[in-house]
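Here are my notes on the model, as numbered points. Please read them with the structure open.

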Amino acid sequence: MIDASTPRTPGAISVVLRSGSLALAVPVRDVRQVMPARGFTSVPLARPDVIGVMVLEGKAVPVYRLESLDPQQSAKSPILPGRIGSVAIVEHEGALAGFLVDGSETVRGDVGAGIRQSDAREILVAVGALTPEPRGQAAADAAQGDR
Amino acid sequence: MQVLVFELGGNGYCLRVEDVMRILAPGDGPGEGLETADLGSLLGLKGVAPPGDQAYDYKALLPSGLALRMGAPQGAAVLDATWILPLPGYMFATAAVPFRGIVEIPQTRRGGRALRMAHRALLLDPEVLLRHMGVDP
């Protein structure tokens with residue numbers, strides 16, 4: 001789950017992903033593509049927030065409910081039959097994950113009140129695709145590398 | 001690599017030919033002293049292949065002697081091993097993942113008719129599946 005608002009550079013372009021009452025702004029550089037929600041393969045024994053996998057450029061990419069990123073909303077909310085939406089593919093350092101969304105739009109600058117802000121790294125850590133890096137660890141590693 | 005493709009609950013599942021001794025048709029038992037397991041039950045799928053539905057009653061006899069009820073046979077396909085796309089372990093609720101990966105099934109033609117096969121299928125690792133589910137492989 002994501003719980004922090006990532007500071008955003010003024011004037012930066014974000015993609016706002018929406019699903020139900022959840023709206024999440026992600027830097028545009030972190031969104032690989034938004035595509036029609038088709039061609040999932042459901043996978044038994046997957047975590048409850050996993051809808052299925054898509055094959056994208058030779059990789060199996062897990063697709064999650066966007067709501068699973070929100071601690072306020074239950075990941076158990078049902079996927080309604082016939083729900084047609086899009087899948088936003090989020091990428092960081094080669095790790096990919098898809099999120100089922102009802103819609104998305106591009107926003108420059110302030111994304112507005114009520115919209116949570118995040119980035120691909122935070123999102124991919126939340127779903128387990130990346131391991132969390134201790135705060136300040138990258139800077140410590142860089143300093144050690146300079147010695 | 002040759003695989004045998006089955007349909008169960010709208011999903012494609014396949015086994016490598018070398019993981020299977022033979023396929024048992026509906027009504028065929030695995031033989032005296034041998035057991036049967038149901039793929040749908042092992043994967044936690046409910047109501048995908050009702051007991052007694054002949055169309056789904058094809059079983060794969062594994063080298064251990066266990067007959068795994070697979071579902072409706074779709075045919076055989078030849079795959080390049082590089083087509084097996086691994087599934088990330090973090091997306092699973094279980095520690096052991098009983099799938100070698102997801103594969104694209106080539107849509108071949110026979111006698112001018114396209115075989116009706118699943119476009120994609122999950123390639124099973126029967127040993128992991130049975131061990132994880134408490135069945136001695």
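1. Ala97(A) touches Val61(A), Pro62(A), Tyr64(A), Val90(A), Ile123(A), Leu124(A), Val127(A) and Ala129(A), leaving aside residues up to four places away in sequence. Contact here means C-beta atoms, placed from the backbone, within 7 Å.

2. This is a predicted model: local features need pLDDT of at least 70, side-chain atom pairs count only at pLDDT 80 or more, and totals for chains, interfaces and linings use all residues. Residues are numbered from 1 along each chain as its sequence is written, while chains are lettered from A and ligands numbered from 1 in the order written.

3. Ala97(A) is also among the residues with the most contacts inside the largest nonpolar core, together with Val90(A), Phe99(A), Tyr13(B) and Cys14(B). That core has 71 residues. A nonpolar core is a set of buried Ala, Val, Leu, Ile, Met, Phe, Trp, Tyr and Cys residues joined through C-beta atoms within 7 Å. Buried means 20 or more other C-beta atoms within 10 Å of the residue's own.

4. Chain A has an open, mixed sheet of four strands, ordered β8-β1-β2-β9. β8 (103–108) and β9 (116–117) of chain A are at the edges with a single partner strand each, so one side of each lacks a neighbour in the sheet. Strands (E, at least two residues) are DSSP runs, numbered from the N terminus; two pair if DSSP finds at least two bridges between them.

5. In chain A, β1 (residues 13–19) and β2 (residues 22–27) pair antiparallel over six bridges. Ser19(A) has Leu22(A) as its bridge partner in β2(A).

6. The contact between the chains takes 17 residues from chain B and 16 residues from chain A.

Note on methods. Contact = placed C-beta atoms within 7 Å. Buried ≥ 20, exposed ≤ 12 C-beta atoms within 10 Å, placed from the backbone.
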